[in-house]
Amino acid sequence: MNPLLEQFLSEARDFLQGIGEKLMQLENNPGNAELMTELFRFVHTLKGNSGLFEFPEMTRVLHAGEDLMDAVRHGQVEFSKELADRLLDSMDFVGLLCDEIEANGNIGAAHAADSARLAASLRQLIVKVESPAAVAAVVAASLLATLAETHAGQGEGERLPLVKIPETVRMDAYRHACKGAALHWLDYAPAEECFFQGDDPFFQARNTPGILWGGITTRQPWPKLAEPDAYRCVLDFHVLSTAPREELDEYYRYMPDQVRMIPVPPLSLALPDGKHNGGPMYEEFVSNAIGLLGKGRLEGLSRAARTLLDLSRPDLWLSSALRWLLLVMELEPENQDAFGALIKSLRHLIPPQWAELQPGLPGKTLEPESTLTPAEAEALTALLAVQRNILTLPIEASWQLGRIKAVASALSGCLKASGNLAALPGLEAATAMALNEAVSTPLLVWLDGALQERQQAATAETQTVQADAITRTSPNTEGQSKFGRRSEDVVAGSKSIKVDQVKIDRLMNLIGEMVVSKNALPYLAGRAETVFGVRELSREIKAQYAVINRIAEEMQDAIMQVSMMPVSFVFQRFPRLVRDTSRKLGKEVNLVLEGEETEADKNIIESLGDPLVHIVRNSLDHGFELPEVRLASGKPAVGTLTIRATQESDRVVIEISDDGKGIDPKVIKQKAYEKGIIDEAALERISDQEAVNLVFASGFSTVEVVSDLSGRGVGMDVVKTAVERVNGTVALESAKGKGTRIRLSLPLSMAVTNVMIVESDGQVFGMPMDSVVETVRVPRSAIRTIKNSLVTVLRGCIVPLKSINTLLEIDAPPIANAEDELAILVVRLGDESVGLLVDDFRETVDIILKPLSGVLAGLSAYSGSALMGDGSVLMILNVKEML
Amino acid sequence: MPIEYKNNLAVFSDVVSVEEAEALLEWLQKNASASVDLLACTHLHPANLQVLMAAEPVISAWPADTGLAAWLRSALKAM
């Protein structure tokens, strides 16, 4: 999973939590505009974030939520418990999606329908209503609609214009279905303005997976070429597909609200079609065939059908029916009812009513009451109760009629959905009475009666259902509008936490102290041996030290990991910077970023930002040529700027290279001379490589014209200082005409410094290992004096020597060892090596460098101090300042 | 050109994109008795289809692409 997505998920969880809290607070305090604004902002941001990814299901719901919140914020819709419920439900859904993304990296297309439904249910509430009763009515009505839909959906197969499909295609589909393929009828009604969004719905429809047949209809008759608007889509597409539902969901996942998928029972395809040829006249065949069927003589039946088929014209209704009969007999030999229905249909030339034949399909029996699942029955009872509540709410007279109408239509919908048609006239009478008198009492009376009835039915039902429910492990409840993520559920622990920087710093400090006190153990071991003479104990302490050392090191590493950040944190600003800058300069530059995932300490990464921006700007300003110049010199017009981060042991190396004109050492030398940075002798002496590095000298800027981008004299020297502040180094290589490469090398972490301890005049000093080149002992005779300064020759190179005592103004000569050899600590100073005369070398230790503070801060010879294991203070030398 | 206009006949070829719809509409308005040859057409944007459905020209040849032809017949055959 990519880091951006990870961050999105962690933020999304925070937002969801926040939205939930705010919603709950709002329930107690609905008028609070501040809470409302904050809630809106949460939803808004979350929606925006989700748009970065390919999660149309999530964005759709959030968008609807945002619109709703906006309406509430502007007082168009009043906040209500139902509204909060729906929003919470939607947020649960979003949470569910987040879980899925975390587990699988994407969202299954199966959620598209849920998403569309939730979005629609949220949008329903965005109507200009002013009383809570109205919102309640909308909620109830939609609940009803879903109830009705589930029922309607099942019977829909019958009403589809399947007969439009050519018989051969239908037969083909039927064969597929008998082999186990799922048949779906798709109604795809693209949005009217979809052409303007660059959609081609026809193409979309043509490429539906598993397509067997497709047809196009218009939504309205054409106005006779008057002024038809070719760019307003008024087409509906219809497709018969054998693809599994999931595949279709996936294919249409961006437009679930425009697509209706209806499962098609295979037999409903068996619709004979053709010329009637004067009406029914096949009674003889029919009675004969039914006789054969009754005796189970299928072969005889098939023979008879075939004979009749051969004798009839193929375009007759009769022939079509016979062909279907033969096909069904071939593929579903057990389904004798189907044969019967097909044969009987010949009597009246009316296609068989397949619905009555399929006991497997629910919702077809004449007593639908009993087909309500317990969950549905419960919903129905709840609905009735809601309607009752609506009626009892106090209301202004002007709203009364509307309310009665709304409730009445909701109730009649309820009755239709539950199949309780017998009760309809009673309701209508009550409604009429209520409307006449403009009071809700008649409806209330009716409702109370209905509720009582339901309760009786419910108790009876539960008794019968209970036994049932044990075997059927109620998956029904899952399929409802709740997404099952309420507070009682296990909260999916988020994988990342946000921690205050201060806390991390504290941990760093603590582990630092731990490292220091751990270092006290070897001293203790030493004392045990030398002072108390217990060798055994000394060894044990050392063994224990090894264990603690290992743990401490691991811990230090772990804590360092915590504050590590990928360099992408600084890199991410470059694409924009490069784009804008190069455009301003009229140059064409292609930026390549590599190794963005390389990690380093947060402080290091943060300190990198400014120097890098400087370097990149410099490169764009001075490095790259204008496109025409580049073409003239045989380079591609578009330059390439590469920023590459890599890790080399305990350092991060960042290379910024361009393929621009490079740096001309002659120009640099000349400039440096003019500005007085180097003298005439140096002008002759220094190498080209050294010359290009002069750009880091302070007060150096080569560009003739000061632009607003760079070249104000604060140039590369700023970079150098910034990098050196975090113990980094900068190196520059350049080839004239080919390009420039700048290499920044930085430590991974600043927390712990490895130093070498040296001794001089009885005192100990620390020298950062970064600058130590080697330690040597040189005979006093090998040390020469040239012009008052000491030098020695190491492996053929002259190394200037300085006495540390002199540098620190300690009045003592260096002490040689028994062989009259002097200890020389060779350190790196820029590109040169310098030897420091010390008295003795000691071990190297890890220390936590603390900068000097107070009056001591002025002592530039030291970069800081550290506490040693034995409690003493070690001063760390700053080589650069000292020499 | 995806649509070639000859005297009284518009010949479609390859993929006819959404940009063609306006010109097609204009042409069909001028040539009321025009006919359309779709033989070489492999796909046409629904905007064009709408124009054809509204203008009801004579279809002189159906697309060679049987899939497309079946779709178009469902939309245009009534005329």
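The model is predicted: local features need pLDDT of at least 70, side-chain atom pairs count only at pLDDT 80 or more, and totals for chains, interfaces and linings use all residues. Residues are numbered from 1 along each chain as its sequence is written, and chains are lettered from A in the order in which they are written.

**The five-strand sheet**
- Chain A has an open sheet of five strands in the order 6-8-9-11-10, with mixed pairing; strands (E, at least two residues) and helices (H or I, at least four) are DSSP runs numbered from the N terminus, and strands pair if DSSP finds at least two bridges between them.
- Strand 6 (589-594) and strand 10 (729-735) of chain A each have a single partner strand, so one side of each lacks a neighbour in the sheet.
- On average, neighbouring strands of this sheet are turned by 15 degrees against each other, direction ignored; axes are lines fitted to C-alpha atoms, for helices over the stretch in contact, and angles run from 0 to 180 degrees between N-to-C directions.
- Strand 10 of chain A runs antiparallel to strand 11 (residues 739-747) of chain A, joined by seven bridges, and V730(A) is opposite L744(A).

**Helices on the sheet**
- Helix 22 (residues 574-585) of chain A touches strand 6 and strand 8 (639-648) of chain A, and its direction makes about 165 degrees with that of strand 6; contact requires C-beta atoms, placed from the backbone, within 7 Å.
- Helix 23 (residues 602-623) of chain A lies across strands 6, 8, 9 (651-658) and 11 of chain A, at about 175 degrees to strand 11.

**Strand 1 and its partners**
- Strand 1 (residues 184-188) of chain A pairs antiparallel with strand 3 (residues 235-241) of chain A over five bridges, with L186(A) opposite V239(A).
- Strand 1 of chain A also pairs antiparallel with strand 4 (residues 259-263) of chain A over five bridges, where Y188(A) is opposite V259(A).

Note on methods
Contact = placed C-beta atoms within 7 Å.
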